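The following questions and answers concern one protein chain. Please consult the sequence and the model while reading.

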Amino acid sequence: MACLPFPSQEYVPVAEFYAEKSIFVTGGTGFMGKVLVEKLLRSCPKIKNIYLLMRPKRGQDVASRLSELTQSPLFETLRRERPQELTKIVPIVGDITEPELGISAADQTMLCQKVSIVFHSAATVKFDEKLKLSVTINMLGTQQLVQLCHRMLALEALVHVSTAYCNCEREAVEERVYAPPAHPEHVVTLVQTLPDDLVDRITPDLVGDRPNTYTFTKALAEDMLIKECGNLPVAIVRPSIVLSSVKEPVKGWVDNWNGPNGIIAAVGKGVFRSMLGTGNKVADLVPVDTVINLMIVCAWRTHLRRGEGVVVYNCCTGQQNPITWRRFVKTSFKYMRKHPFSGLVWYPGGDITNNRLKHRILMLLQHRAPAALFDILTAVTGNKPSMMRVQSKLEKASSCLEYFTTRQWAFSDDNVKALCTYLSPQDRTTFDFDVSKIDWDAYIESYVLGIRRFLFKESPETLPKSRAILWRLHIVHTLTKVATVFILWRFLFSRSNALRTLWHRIWDLLSRIARLLPIA
């Protein structure tokens, strides 16, 4: 992305824009929300407070959850260099699924008096989520947040996080809000009045040609936002497939098994080897810190252009720096073999194929059959079988991705490129969202290392042992393939006269050629 010289007259640096201001964040305990909070505290040190919408969970109150959040590796730099910044995080007890977001009247009053900027990233990202819960979180949660924002006395920006795939029925997606696939009010009425089992039955008809309830409800949420925001200063950020951080605050940081993460992790362990997809299609992947930097700058820019309407930013890589699914898979294999995971079950390998029959055969031979054999041996030794259950979960996760690995979209990102032109050189560096600079090879290596470190909790000290195990598994894997080919050949040879005749002809031909060769 070539950025033009910024207009320097009366320029307000991004960090200065946030000085002495309070921020309200929904979804702050999620993957993107955590990175957003950390980046704001680290790069905008004059921020007053960051209010996080949080709910008690699994017996933990919000104070305990906040303490656990700030102890994660993501906040290590802040804990070491500027621990006082973490005291600016203030938990607000609430729940995105509750009326008025579950926020008390006193806290609502406080937020309306103090908050200047709102980041709305709370959403259910489960592709197979029940429609009723998806509507409640993604649509009604957005609606109620907008209602709260209308009461904020000094709101300067509301940044709503959507998804690039909310218009996935279109091959070319521009940076604008399209007509929704259904009337949001009708969908809300249906899920609120009909019995849950009936809602589940009619969900496929409501969702139509969209792959899941997530993309469906996110599209409806954008329409609701446009209709209800009035004169609020609003921006919509649409990331594509969000993966680990490219550089900050920790290279390769990832904390969830969503999307490709769980599949790549399973491939690295050697328990998953075939995925349905079109290898030459573009995999529109984007690092999480790239998205967060764009969101922070979007709020800055939204305040400056208040009154000019809602602006949409497609945060994607496919137009400026594309990578195909095949390259992503092959490069992942490369670094999973260079930095193998501990506890390998088999040598990492496999491929992505768009042949459904081939894929099903490979799943049977390489996934289910070995898993069933492993479970039988496990049961014989008196332990609890689990591999078939693991394979079922992996196959379900893989099927959820098939819609995206077999198609390709052209996401326009003109607004994102234009936004860069308004930044100073310093801000372009501090809040870097230039996807054209991503080195995919280096990024995928850090991604694999991130899965190893942050998901599997494996220390770098275990690498030598893992490499030794990988080498032994490579030998066993190679011998197994040779033995399989030999056994298959012998089986076919013993049952086919035509094959035996062909083999004898080839052998005779080779013998004649050998007799004609000069003797040294």
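Q: Is lysine 34 buried or exposed?
A: This is a predicted model, in which local features need pLDDT of at least 70, side-chain atom pairs count only at pLDDT 80 or more, and totals for chains, interfaces and linings use all residues. Residues are numbered from 1 along each chain as its sequence is written, and side-chain values use heavy atoms, with hydrogens and water left out. Buried means under 20% relative accessible area, exposed means over 50%, and partly exposed lies in between (1.4 Å probe, protein chains only). Because its relative accessibility is 16%, lysine 34 counts as buried.

Q: Which residues does lysine 34 touch, not counting residues up to four places away in sequence?
A: Lysine 34 has its place in helix H2, residues 31–43; helices (H or I, at least four residues) and strands (E, at least two) are DSSP runs, numbered from the N terminus. A contact requires heavy atoms within 4.5 Å. With residues up to four places away in sequence not counted, lysine 34 touches Gly28, Thr29, Leu69, Leu74, Phe75, Trp253 and Asp255.

Q: How many helices and strands are there in the protein chain?
A: The C-alpha atoms of the protein chain fill a box of roughly 95 × 55 × 50 Å, taken along the principal axes. Buried residues make up 52% of its 520 residues. The protein chain holds 19 helices and 13 strands.

Q: What share of the contacts with a separation of 6 or more comes from residues 24 or more positions apart?
A: The count concerns contacts in the protein chain with a separation of 6 or more. Of these contacts, residues 24 or more positions apart account for 84%.

Q: How far apart are the end C-alpha atoms of residues 25–295?
A: The unreviewed UniProt entry annotates residues 25–295 as "domain: Thioester reductase (TE)". UniProt positions are given in the numbering used here, feature names are shortened, and annotations may be inferred rather than shown by experiment. Over residues 25–295 the chain is 42% helix and 15% strand, and the end C-alpha atoms are separated by 12 Å.

Q: What percentage of residues 367–458 is helix?
A: UniProt, in an unreviewed entry, places "domain: Fatty acyl-CoA reductase C-terminal" at residues 367–458. The end C-alpha atoms of this span lie 25 Å apart.

Q: Which residues does serine 398 touch, not counting residues up to four places away in sequence?
A: Serine 398 belongs to helix H14, residues 387–405. Its relative accessible area is 3%, so serine 398 is buried. Not counting residues up to four places away in sequence, serine 398 touches Ile263, Phe272 and Met275.

Q: Why does the pair of aspartate 200 and lysine 130 tie together parts of the chain, and how many residues apart are they?
A: The side chains of aspartate 200 and lysine 130 meet in a salt bridge, N to O at 3.1 Å; a salt bridge is a side-chain nitrogen of Lys or Arg within 4 Å of a carboxyl oxygen of Asp or Glu. Aspartate 200 lies in helix H8 (residues 196–207) and lysine 130 in the loop between strand E4 (115–120) and helix H6 (131–150), so the pair joins parts whose separation in sequence is 70 residues.

Q: Is aspartate 432 buried or exposed?
A: The side chains of aspartate 432 and lysine 437 form a salt bridge (3.3 Å, N to O). At 55% relative accessibility, lysine 437 counts as exposed. With a relative accessible area of 12%, aspartate 432 is buried.

Q: Which helix supplies the largest share of the nonpolar patch?
A: Trp489, Leu502, Trp503, Ile506, Trp507, Leu509, Leu510 and Ile513 make a nonpolar surface patch of about 770 Å². Isoleucine 506 counts as partly exposed, because its relative accessibility is 37%. The largest share of the patch, seven residues, comes from helix H19.

Definitions and conventions
Patch = residues over 30% accessible without salt bridge, like charges linked within 9 Å, V, L, I, M, F, W, Y side chains within 5 Å. Areas by Shrake-Rupley, 256 points an atom, 1.4 Å probe, with all protein chains shown as cover.
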